[in-house]
Number of protein chains: 2
Amino acid sequence: PLLVSSMLRNAVKTHGDTEIVSRTAEGAIHRYTYEDFWRRSQQLAHALHRLGLRAGDRVGTLAWNGHRHLELLYAVSGAGFVSHTINPRLFPDQIAGIIEHAGDRVLFVEPDMLGLIEKLAERLQGVEAIVILADRSRMPVSARFPDLLCYEELIEGQPNVFEWPQLDERTACGLCYTSGTTGAPKGVLYSHRSCVLHAMAVCMPDSFGLAAADSAMPVVPMFHVNAWGLPYASILVGAKLVLPGAKLDGTSLHGLIASEGVTMTAGVPTVWTGLLEWVAAHGETLGSLRKVGIGGSACPPVMIERFAALGVDVVHAWGMTESSPVALACQPKRKHHHLPAEARRALGRKQGRPLTGIELKVLGPDRREVPRDGKTFGRLMIRGPTVAAGYFASENDEAFAEPGWFDTGDVVTLDQDGFVEIVDRTKDVIKSGGEWIGSIELENIAVSHPSVREAAVVARPDPKWGERPVLFVVPNDGKTFTATDALAHYDGKVAKWCIPTEVRVVDALPHTATGKLLKSEIRKMV
Amino acid sequence: PLLVSSMLRNAVKTHGDTEIVSRTAEGAIHRYTYEDFWRRSQQLAHALHRLGLRAGDRVGTLAWNGHRHLELLYAVSGAGFVSHTINPRLFPDQIAGIIEHAGDRVLFVEPDMLGLIEKLAERLQGVEAIVILADRSRMPVSARFPDLLCYEELIEGQPNVFEWPQLDERTACGLCYTSGTTGAPKGVLYSHRSCVLHAMAVCMPDSFGLAAADSAMPVVPMFHVNAWGLPYASILVGAKLVLPGAKLDGTSLHGLIASEGVTMTAGVPTVWTGLLEWVAAHGETLGSLRKVGIGGSACPPVMIERFAALGVDVVHAWGMTESSPVALACQPKRKHHHLPAEARRALGRKQGRPLTGIELKVLGPDRREVPRDGKTFGRLMIRGPTVAAGYFASENDEAFAEPGWFDTGDVVTLDQDGFVEIVDRTKDVIKSGGEWIGSIELENIAVSHPSVREAAVVARPDPKWGERPVLFVVPNDGKTFTATDALAHYDGKVAKWCIPTEVRVVDALPHTATGKLLKSEIRKMV
């Protein structure tokens, strides 16, 4: 069977001395090997049993990317429980709702996230134990939770050999909730099988191409769809794993890339803005880094070019919580090798083509497949062994209305080579004079202007056209950006009727817990 | 479910215009796209049903690597039948035995292999139809088989849309027989699941690293364990596929590499000797070729160096019919990047470390695991989702005596990084004075001598030592090689007591149907 525990056991046998390096909450670097990780995971599995957990029970984590969180990811699943990574950046009410809905019996919490759950204490009645990810010397004192357990004490003295159960590979191993940009977050349950198949698909040369020769740094947090599966994929192939903890600023990330010889990393566009600015300001390079996976929201083309100038390939990727998450990656084909530079850049802007096992179709308003011309808009539907079939403990959801398929809610184009470009979320697309205008393209063009730091485009009701686009801009420090600048900048880049009707300069834009633009809030600003 | 038909359907949707290029039996180049291949495979699936086949029935093929054989590989499995690729180089008696044992109801046969089965006519009572892989103009006439069917007529006019059954992924899709170096060939049945998982594992960067940007040429025949899974792996990722037909000489292979921009190829060492000699004799390069997978028998180190000098990386690999077949591949790890050249070469001589999902252990005579020191000999045992659990329609075999594990019958060493080196087949290892001498190392040293074309080392009974090694040598054209040459050449390369006691120069050595040295015959020459 395809099991998380087998994946780890095989890796340890071949790559026992490969390193796992973590930046701890206190800032110090923790360093150990797969062999050490394996022993401590087995101690943790014993400790979980001693907490009284039974097969299938959910175990919640509120933690940064670090070695203890990694131990939880493997030991909880391997022992037959369900690892539930909770996003601490959700609204407190959502966090409480998720813990209740998941029925988490135990929570593992970073010291610096304790305050977060203290505020939710009265809603954590179902939680039987809270374990702090620290040793005794760093244990916080909590008036709300007098019985906090200490992670290091919990596993200390436990046997370091555990008989991992031979589970059916369709047993649940993990649970993640969507970020809930619309409505309440929804839970997606992953099986051991989908987790292993996703790890394999992510390692293929046409997705992130991970190998034992890599040093991989998942900057995307584990509470964001299991760090896009990289903690599984890296260990599957025996890559060195670098876990950056809570500090994702340019200085911290650059420091780890340099000291740990990082070759591959992945995360949302926002975090790379910080790194690229730091590198430019300090006249530095990105050293050994060769590849950066970018997803979560569309990667602005200018970011791809900045990385390219530093010798780093951007692998533009796309996925959702419901698809484990990586489902598309933008890797050129053989026929693209001799494309002129501009055509190659245009290709890189697309989110990519399906990973192994992923099937897709794009449906027009009549629910028939749209032409594969790279122009016609439609709804993206996907299916495959790593795509969910429904939400955890939930009524039938309309996203799963067509049997076997998941309706992503994204409006996309599909070209004849299978490359998808996300045009917009269904609810964000702007309907003007019977035509659709995608907000993402307009935002990408805006941020390619040297004065623009961030941009958002939303619809404004219009008596004549139905809707018209409004551009919100956060300018770079000390820069200005006017409606005239916008008009000049868009001229020749899009059809005239697509150019935003109005430009508003703002100090900041609202984001979701996962760093995406919160369009529902921005629309309220119109 | 993981199905052969889904793998193809997904590939066609994304890579419909990717080419499949075949050298036909007549020598001409046939060229079409995934889209064409998909249509014809569906016509073939209809035709198979019209032949009266039922779910699970075996369909035998006697064919070279070409587009029609590829159509059979996919359509037979996809439609729910079992594709049985038969090795035409086995002894006629073995071929008849295999067809009987498999219960093949239909045979698909190249025109130039018809003579082979005409001789076996009286033993083909169970075969209800014989289809010749040709169009009407090239149909042979057979007195023995007056009712030969013509492949092109069979599929012509069939609908080119077929409703592929949604099979359970553990349904059988293929059947291959071992080469039978000892005893009768044994059948290994593959499931759709293992076939897809093997294709994924083969594409990972740490095995053959196949991508859509590749042009892959499986030189290893499909009748040799499905061309090591490359026809599945290539289509899984959308690579251009180049099928070289029957002509595997240096001129023919070099021609295809040059004209089709081949980037990756794979085959047994023998075939590369021919290519390398041709390239050297003509002062040519290997053009776009970047990677060559070598397995089937141990790759002599000198071959790795010759390819390296031409800018081609050798991926030394190992597998057996029972392991789908690829189970080990030799790819360096991160720690090996700065190895000195000689240590790097030593690493390349090893067969490699386990592919994703493969678990191994090496047992000493006491059936306990031997030290992972790269020196101690032991028997290689493997298991995993792509390893067989038994032989087709066969009594319990001692190779499967330990539940869950397959005893490979190979004597190997295992080092602390998980790299395996095949020392010998259990039955070929030479026991001298209580120590084991591996024949493969002695053969590799012999062929690194400029006068030696091929070498074999077998045991000779010895009253004092039990056994002593005898070296058989086929010299290069116009060269001589004496016992004195051997002594000087081995001096300093192996311990004195390992140097062959006797040297015999011969014109040729006997081989199995798959090009391996036939040690049982060579021992008779002692």
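A salt bridge is here a side-chain nitrogen of Lys or Arg within 4 Å of a carboxyl oxygen of Asp or Glu.

The model is predicted, so local features need pLDDT of at least 70 and side-chain atom pairs count only at pLDDT 80 or more, while totals for chains, interfaces and linings use all residues. Residues are numbered from 1 along each chain as its sequence is written, chains are lettered from A and ligands numbered from 1 in the order in which they are written, and side-chain values use heavy atoms, with hydrogens and water left out.

Contact (heavy atoms within 4.5 Å) involves 49 residues of chain B and 49 residues of chain A. Of the interface residues of chain B, 100% are also interface residues in chain A, so the copies meet through the same surface. Buried area is the accessible area (1.4 Å probe) that two parts lose on being put together, summed over both. For chain B and chain A this comes to about 3400 Å², with 50% of it on carbon and sulfur atoms. On the chain B side, B:Lys13, B:Met200 and B:Arg334 lose the most area to chain A, together 19% of what that side buries.

## Salt bridges

| Residue | Partner | N to O distance |
|---|---|---|
| B:Arg193 | A:Glu169 | 2.7 Å |
| B:Arg68 | B:Glu152 | 2.8 Å |
| B:Glu359 | A:Lys13 | 3.5 Å |
| B:Asp462 | B:Arg460 | 4.0 Å |

For burial, relative accessible area under 20% is buried, over 50% exposed, and in between partly exposed (1.4 Å probe, protein chains only). Helices (H or I, at least four residues) and strands (E, at least two) are DSSP runs, numbered from the N terminus.

B:Arg193 forms a salt bridge with A:Glu169. The pair crosses between chains, from helix α7 of chain B to the loop between α6 (151–155) and β8 (172–177) of chain A. Both B:Arg193 and A:Glu169 are buried.

B:Arg68 forms a salt bridge with B:Glu152 within chain B. B:Arg68 is in helix α3 (residues 67–78) and B:Glu152 in helix α6 (residues 151–155), so the pair ties together parts that are 84 residues apart in sequence. B:Arg68 and B:Glu152 are both buried.

In the pair of B:Asp462 and B:Arg460, B:Asp462 is buried at a relative accessible area of 15%, whereas B:Arg460 is partly exposed at 22%. Salt bridges that share partners also join A:Arg9, A:Lys13, B:Glu359 and B:Arg383 into one network.

## Aromatic rings

Rings of Phe, Tyr and Trp (its six-membered ring) pair if their centres lie within 6.5 Å; planes under 30 degrees apart are stacked, over 60 edge-to-face, and the rest tilted. The structure holds 22 aromatic pairs over all chains. In one of them, the ring centres of A:Trp272 and A:Phe307 are 6.1 Å apart and the planes stand at 80°, so the pair is edge-to-face. A:Trp272 belongs to helix α11 (residues 269–281) and A:Phe307 to helix α12 (residues 301–309) of chain A, so the pair ties together parts 35 residues apart in sequence. Both residues, A:Trp272 and A:Phe307, are buried. A:Tyr32, A:Phe37, A:Tyr74 and A:Tyr232 form one aromatic cluster.

A charge sits over a ring if NZ of Lys or CZ of Arg is within 6 Å of the ring centre and within 35 degrees of the ring normal. The charged end of A:Lys361 sits over the ring of A:Trp405, 4.4 Å from its centre. In chain B, the charged end of B:Lys361 sits over the ring of B:Trp405, 4.3 Å from its centre.

## Individual residues

B:His192 is placed in helix α7 (residues 192–203) of chain B and is buried, with a relative accessible area of 0%. Leaving aside residues up to four places away in sequence, B:His192 touches residues including B:Leu2, B:Ser77, B:Glu169 and B:Cys173.

B:Asn226 lies in helix α8 (residues 225–228) of chain B and counts as buried at 6% relative accessibility.
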